[in-house]
Amino acid sequence: TNFESTRNGVFDYITKELGIRLDYDKFTKIVNSDENFLLEPNESDIYVKLRDETVEKFKERVEKHSIETHIRLFCEECGIQESSDSIKNLLLKSLYININSFTVSDLKTLISKQIEEETKPEDIDIFNSFLDWKNDDKNKSIYALFSKSIEFAILTSGRGISSINETIFSNKTYFLDTNIVLRALGVDGPQRQESTLSIIESCSKDGIKFKISKLTYDEIYKNLNNRTKEIETKTNPQNEKLLTEIIDELPFNNSFETDYLHKRKERKVSSPSNYRLSLEKGFQKLCDEFKIVTEPIKGVKESDLESLKEFLLEQKKKRLGKWAYSLGAALVDAKNILYVRLLRGQNNYNYRDIKSFYLTTDTTLNDIMVDLNADLIAETILPSQLYVIHNSFHKKTDEEDYNDFIKFIKVRRTDFKIPGQEIFSLIEQIQETTTDKKDIISSLKAYANYRFENRDRKENHSGQVLTIKEFTQTQLEKELGKARQEAMQLDTA
């Protein structure tokens, strides 16, 4: 049944009722951007519903491409309808057990010795016949099922795959991207800092090494220097005093600016330059504690670098619909990815054999690399995926795993937040209309919702979106008008 539900309700059902681990940020991004969903925001959440035509297309696609369909057709052709469940169960069991050793070039590697010992010989023969059955659509469905099984294994706890043991974690090196380091320093908020540090610590105990390429190292310091200088030019003592008093109630996403204000409030820093110094010290402490070394990138061909850099720029624009990716960022990502590829050599198929990854927070970059070489394990990996692979191995209960994974979800009071970089400029504008703290807080919260509801107009330049000053003036005028009307009603009563 296609009925309306809250977005958070859908997420809770997927993660709690179905037990599937899913990154909340990625989930909301999919729901917000996918045209197959109808969205209706309310005060605290968003109502979600599938379009009717989407439901019908989904039913048709499942009927056509489902592995159950191919199993049924095979059994009907061979006159062995009673073997349908046996084939399906063997296939799923094989995928689950062999997920770390399956070779996509040979479907028969799905059959393991363990299954041969536990299953009737006649069922094995029928299953082998199904694999040998000449049907391209069937083969595509099995490959798709396998690739999704890998994804599911990465996004869920990983237990139950019998080949996993402690040796799978040894001798692996992860190159950190800039945002991983910034999260570990707390720039993206305390929750992300805690989760990032916990996974680095957990992996370190498993014998995993972390490195930073020299290119990333330079980018980190460039970010620290430039962003703190921006804060220095934007802020002033009066605005800082106001913002530190109300920062906890404002609907801004985490950023250098909000992190600075929180640390100013807690008296951990005294100025933008002092804030930069504290971040630099924190970075050095992080490297010392976890023995993170800087490594120069060597051996990457310039032609390969140029090609991948341009490809990433093109794909980012195509997938995001705008230029949200700088040439410098593309260069850093491309060079790290190519270096990881160089270090791997030919070991690109089996997680146990792969010795290097590029740990990144960029989900779009990860999707691009996964799609680029669908038959290989991508050079990139996300923090949530790394958590599941490594951290959950040490856990005893699913509930504990789930609770730990929640640490990777940024806690938000509202989903309609404003970029933290805008906090100083917006506070300047809004004070031209009101200096009352309660009015400022309520106006910014309402403006955040207003911008979310009009995000399509803003992105497509298809209509005017009010500035914070215009919005606040309109809001105050409405409140004054309402107050006057209520006063008149009292006078006439």
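1. Start with D188, which counts as buried at 15% relative accessibility. Buried means under 20% relative accessible area, exposed means over 50%, and partly exposed is in between (1.4 Å probe, protein chains only). R183 is buried as well, with a relative accessible area of 14%. R183 and D188 form a salt bridge, their closest N and O atoms being 3.4 Å apart. A salt bridge here is a side-chain nitrogen of Lys or Arg within 4 Å of a carboxyl oxygen of Asp or Glu. D25, R183, D188 and R192 are linked in a network of such bridges.

2. A word on what you are looking at. This is a predicted model, in which local features need pLDDT of at least 70 and side-chain atom pairs count only at pLDDT 80 or more, while totals for chains, interfaces and linings use all residues. Residues are numbered from 1 along each chain as its sequence is written, and side-chain values use heavy atoms, with hydrogens and water left out.

3. The whole structure holds 23 salt bridges. Side chains of opposite charge can pair when their charged atoms come close. K234 and E257 make one of these bridges, with the closest N and O atoms 3.4 Å apart. This pair links distant parts of the chain: K234 is in helix α11 and E257 in helix α13, 23 residues apart. Helices (H or I, at least four residues) and strands (E, at least two) are DSSP runs, numbered from the N terminus. E257 is buried, with a relative accessible area of 0%. K234 counts as partly exposed, at 29% relative accessibility.

4. R72 and E76 both lie in helix α4 (residues 67-78), 4 residues apart, about one turn of the helix. Their closest N and O atoms are 3.5 Å apart. R72 is partly exposed, with a relative accessible area of 35%. E76 is partly exposed too, at 41% relative accessibility.

5. Next, K263 in helix α13 (residues 256-265). Is K263 buried or exposed? K263 counts as buried, because its relative accessibility is 16%. Its side chain makes a polar contact of 2.7 Å with that of D259. A polar contact is a pair of N or O atoms within 3.5 Å; within protein, one must be able to donate a hydrogen and the other to accept it, and residues adjacent in sequence count only if both atoms are side-chain atoms. Not counting residues up to four places away in sequence, K263 touches L185, K268, V269 and Y275. Contact means heavy atoms within 4.5 Å.

6. Just after α14, K291 takes a positive phi of about 55°.

7. Last, the cores. A nonpolar core is a set of buried Ala, Val, Leu, Ile, Met, Phe, Trp, Tyr and Cys residues joined through side-chain atoms within 4.5 Å. The largest has 53 residues, and F210 and L444 touch the most other members. Helix α21 (residues 437-453) gives the largest share of this core, 6 residues. A second, separate core of 21 residues includes V300, L305, L365 and A378.
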